[in-house]
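Reader: I'd like to go through this one feature by feature. Could you give me the general idea each time, and then the case at hand?

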Amino acid sequence: MTVEERPQGVSARRTLLRGLALGGISVAVSACASGGSKAAGEGAATTVPAPQSTDLPKTPDGALQRLLEGNKRLLANERLHVQTLSDIRKHATGQSPYAQVFGCADSRVPVEVVFDEDFGDVFVTRTAGNVLSEPTIGTIEYGVLALNTPLIMVLGHQNCGAVKAAVDAMKDPSKLPTGALGALVSALLPAAKAAKGEDVYASALEAHVRSVVATLEGTPSLAEAIKAGKLRVVGASYDLATAKVTMY
Ligand SMILES: [Zn+2]
């Protein structure tokens, strides 16, 4: 379906109220347009056609496979999703992302590039050090309950400054920042304390990503979707030096 053929009215999308029974939570949406299909990959800069919107995976495993295939294309220097301004504007009327990624705010980990994806394909939430808060969990819940994403990938990265700050603060509490930044780093202290082995930073990162995955899996509304087979939460790490994503 092309953008022009989409049946949805733009005005109806400006204020969209969607009540969802899943998990007993009603999701009211006013700012984020949702639903609709898109013409993924239109205008791709290579001769290889990008996957079309009808190909978007609907299952957790299919979504994971597509993300990892996108990273493989990046590593092979065979990116498909390079958009023109015209391509980008075609996404204005709706979104139907097939996966969520909860990443770090680090400027070197742009999710759509890491997974060679188009505008509208991945619902992305990012905070420094992948630190969760209630509004952040709410954002991720929105992606599942309103946008029906079947996969959440928690994507940490090696040499994460926030994780390093927590490990350093664990060794020397005087290094713990004050204020809101201190609260952020404090949230990573349990993972820093759980770290072991030669590379304590990598170990702390893995411990933290695994704990975020467990927290999301234990969030009631998400747990219900997982139990129903509609959702999977996975943890992974991105290597800044190689651009490779590795599953935990
Ligand atoms: Zn980071």
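Reader: To start, what percentage of the 248 residues in the chain is buried?

Author: Keep in mind that this is a predicted model. Buried residues account for 45% of the 248 in the chain. The accessible surface is about 12,000 Å², and carbon and sulfur atoms hold 56% of that.

Reader: How many helices and strands are there in the chain?

Author: You'll find 10 helices and 7 strands. Take the contacts between residues at least 6 apart in sequence: 69% of them join residues at least 24 apart.

Reader: Let's pick a strand. Is S3 enclosed or open to the outside?

Author: The general idea first: side chains in a regular strand alternate between the two faces of the sheet. Now the case here. Ala 99, Val 101 and Gly 103 lie on one side of S3, Gln 100 and Phe 102 on the other, and all of them are buried, leaving both faces covered. Since 5 of the 5 residues in S3 (residues 99-103) are buried, the strand is largely enclosed by the rest of the structure.

Reader: Which strands does S3 pair with?

Author: S4 (residues 122-126) pairs with S3 in the parallel sense over 5 bridges, with Gly 103 opposite Arg 126. S5 (residues 151-157) also runs parallel to S3, joined to it by 4 bridges; there, Phe 102 stands opposite Val 154.

Reader: And helices? What does H2 pack against?

Author: An α-helix has 3.6 residues a turn, so residues three or four places apart point the same way. In H2 (residues 60-75), the buried residues include Pro 60, Ala 63, Leu 64, Leu 67, Gly 70, Asn 71 and Leu 74. The buried residues of H2 pack against S3, H4 (111-114), S4, S5, S6 (232-238) and S7 (245-247). From first C-alpha to last, the 16 residues of H2 reach 23 Å, close to the 22 Å expected at 1.5 Å a residue. After H2 comes Asn 77, with a positive phi near 60°.

Reader: Last stop, the metal. Which protein atoms are the donors of the zinc ion?

Author: They're Cys 104 (SG), His 157 (NE2) and Cys 160 (SG), at 2.1 to 2.3 Å from the zinc ion. Water is not among the atoms, so a site like this may look incomplete. Along the chain, the donors have the spacing C-x52-H-x2-C.

Reader: Are His 157 and Cys 160 buried or exposed?

Author: The cut-off for buried is under 20% relative accessible area. His 157 counts as buried because its relative accessibility is 1%, and Cys 160 does too, at 5%.

Key:
Residues are numbered from 1 along each chain as its sequence is written. This is a predicted model: local features need pLDDT of at least 70, side-chain atom pairs count only at pLDDT 80 or more; totals for chains, interfaces and linings use all residues. Side-chain values use heavy atoms; hydrogens and water are left out. Donors are N, O and S atoms within 2.8 Å of the metal (3.2 Å for Na, K and Ca); water is not among the atoms, so sites may look incomplete. Buried means under 20% relative accessible area, exposed over 50%, partly exposed in between (1.4 Å probe, protein chains only). Helices (H or I, at least four residues) and strands (E, at least two) are DSSP runs, numbered from the N terminus. Contact means heavy atoms within 4.5 Å. Accessible areas come from the Shrake-Rupley method with a 1.4 Å probe; for residues, only the protein chains shown count as cover. Two strands pair if DSSP finds at least two bridges between them. The expected span of a helix is 1.5 Å times one less than its number of residues.
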